[in-house]
Amino acid sequence: MDRFPFPDDLIRAQQQWHATYRALAVPRPRHATELRRRLLLLSVRIHWHPFWSTPAGWSPAARVELRRMTAGDRNADAA
């Protein structure tokens with residue numbers, strides 16, 4: 001059982017954030033401006049998600065766990 005009950009949309013947003021970051025990290029990325037904009041949009045969406053206002057989301061460990069559990073998904077498309 002998961003320690004933190006992350007909503008599906010928050011998990012998807014964090015997975016997309018990782019995929020976009022990886023796409024932007026390659027040498028000479030294509031569409032770098034669009035990738036930066038998408039990364040910023042996803043960052044805002046993740047940071048202000050209502051989950052962080054719940055008791056389960058108050059812990060800094062919850063943010064770390066979300067990043068840890070979504071970082072392993074290396075097969076997601078960036079855009």
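Biologist: What relative accessibility does Glu65 have?

Modeller: Glu65 has 24% relative accessibility, so Glu65 counts as partly exposed, a class lying between buried (under 20% relative accessible area) and exposed (over 50%), with a 1.4 Å probe and protein chains only. Please keep in mind that this is a predicted model, in which local features need pLDDT of at least 70 and side-chain atom pairs count only at pLDDT 80 or more, while totals for chains, interfaces and linings use all residues. Residues are numbered from 1 along each chain as its sequence is written, and side-chain values use heavy atoms, without hydrogens and water.

Biologist: OK, and which residue forms a salt bridge with Glu65?

Modeller: That is Arg68, with the closest N and O atoms 2.5 Å apart; a salt bridge here is a side-chain nitrogen of Lys or Arg within 4 Å of a carboxyl oxygen of Asp or Glu. The structure holds one salt bridge.

Biologist: Where do Arg68 and Glu65 sit relative to each other?

Modeller: Both are in helix 3 (residues 60-71), three residues apart, which means that about one helical turn separates them; helices are DSSP runs of H or I with at least four residues, numbered from the N terminus. Arg68 itself is exposed, at 53% relative accessibility.

Biologist: Switching to rings, how many aromatic pairs are there?

Modeller: Searching the whole structure gives five aromatic pairs, where rings of Phe, Tyr and Trp (its six-membered ring) pair if their centres lie within 6.5 Å, and planes under 30 degrees apart count as stacked, over 60 as edge-to-face and the rest as tilted. One of them is Phe6 with Trp52, which is edge-to-face because the ring centres are 6.4 Å apart and the planes meet at 65°. This pair links distant parts of the chain, since Phe6 lies in the segment before helix 1 (8-25) and Trp52 in the loop between helix 2 and helix 3, 46 residues apart.

Biologist: Are Phe6 and Trp52 buried or exposed?

Modeller: Phe6 and Trp52 are both buried, and together with Phe4 and Phe51 they form one aromatic cluster.

Biologist: And what about Trp17 and Tyr21, what kind of pair do they form?

Modeller: Trp17 and Tyr21 are stacked, at 5.3 Å centre to centre with 15° between the planes. They both lie in helix 1, four residues apart, about one turn of the helix. Trp17 is partly exposed at 21% relative accessible area, and Tyr21 is partly exposed at 45%.

Methods
Helix = DSSP H or I, 4+ residues; strand = E, 2+ residues; numbered from the N terminus.
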